[in-house]
Amino acid sequence: MANEGGDSSPDETGRDNFSFVEIEDCRSGRNLFVTYSSSRTDYDDKIVIPQKYDASRFGEFKAKMSEAATSIGLDGIVESARDFGYSAREYAAIYQNGRAETCRCRVLYPELRGDKKPYEAS
């Protein structure tokens, strides 16, 4: 399951701008964070540090990922992301551990829960 997002972290001199896709394997509970766009701007939106990744290839990466996700798994997606020049890393979401079901997996793929603890809203 994939979810696209972005973040703009401010500090006293400007903003670090990121675009990413978060990928979760509902069967294993593993999570992957792929950053495909990263730049820094000042508060006048002037670029201080230019684009670090080639975001123009993200559509191609996303198509490859959705075609192959079930056959290559998260490790294959990490390799593919690196082939495209993107940053890919596993992470533990702050609201879950690897043995707990997430809200979105509960809603969309409850049959993949396996032996994970059922999702509970806090």
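**View 1. The largest nonpolar core has 16 residues.** Val21, Ile23, Leu32, Val34, Phe61, Ile77 and Tyr86 touch the most other members of this core. Strand E2 (15-24), strand E3 (31-41) and helix H1 (58-83) each supply at least two of its residues. H1 gives the most, with 7 residues. A nonpolar core is a set of buried Ala, Val, Leu, Ile, Met, Phe, Trp, Tyr and Cys residues joined through side-chain atoms within 4.5 Å. Buried means under 20% relative accessible area, exposed means over 50%, and partly exposed lies in between (1.4 Å probe, protein chains only). Helices (H or I, at least four residues) and strands (E, at least two) are DSSP runs, numbered from the N terminus. In soluble globular proteins, nonpolar side chains tend to be buried together.

This is a predicted model: local features need pLDDT of at least 70, side-chain atom pairs count only at pLDDT 80 or more, and totals for chains, interfaces and linings use all residues. Residues are numbered from 1 along each chain as its sequence is written, and side-chain values use heavy atoms, with hydrogens and water left out.

**View 2. Val34 and its contacts.** Contact means heavy atoms within 4.5 Å. Leave aside the neighbours within four places in sequence. Val34 is then in contact with Ser19, Phe20, Val21, Ile23, Phe61, Ala81, Tyr86, Ser87 and Ala88.

View 3. pLDDT is the predictor's confidence in each residue, from 0 to 100. Among the elements, H1 has the lowest mean pLDDT (84). Strand E4 (residues 47-49) has the highest (94).

**View 4. Asp42 is buried yet has no salt bridge.** Asp42 lies in the loop between E3 and E4. A salt bridge is a side-chain nitrogen of Lys or Arg within 4 Å of a carboxyl oxygen of Asp or Glu. (Lys and Arg count as positive and Asp and Glu as negative; His and the chain ends are not counted.) The backbone nitrogen of Lys46, however, lies 2.9 Å from a polar atom of the Asp42 side chain. Not counting residues up to four places away in sequence, Asp42 touches Thr13, Gly14, Arg15 and Val48.

**View 5. Glu4 and Lys62 meet in a salt bridge.** The N to O distance between their side chains is 2.8 Å. The pair links distant parts of the chain, 58 residues apart: Glu4 is in strand E1 (residues 2-10), Lys62 in helix H1. Glu4 counts as partly exposed because its relative accessibility is 41%. Lys62, at 34%, is also partly exposed. A search of the whole structure finds 11 salt bridges.

**View 6. Asp25 forms a salt bridge with Arg27.** Their closest N and O atoms are 3.2 Å apart. Asp25 has a relative accessible area of 16%, so Asp25 is buried. Arg27 is partly exposed, at 49%.

**View 7. Tyr53 sits in the loop between E4 and H1.** Tyr53 counts as buried because its relative accessibility is 13%. Its C-alpha atom is separated by 8.8 Å from that of Phe84, 31 residues apart along the chain. Leaving aside neighbours within four places in sequence, Tyr53 is in contact with Thr35, Tyr36, Ser37, Ser38, Gly85, Tyr86 and Ser87.

Conventions
A polar contact is a pair of N or O atoms within 3.5 Å; within protein, one must be able to donate a hydrogen and the other to accept it, and residues adjacent in sequence count only if both atoms are side-chain atoms.
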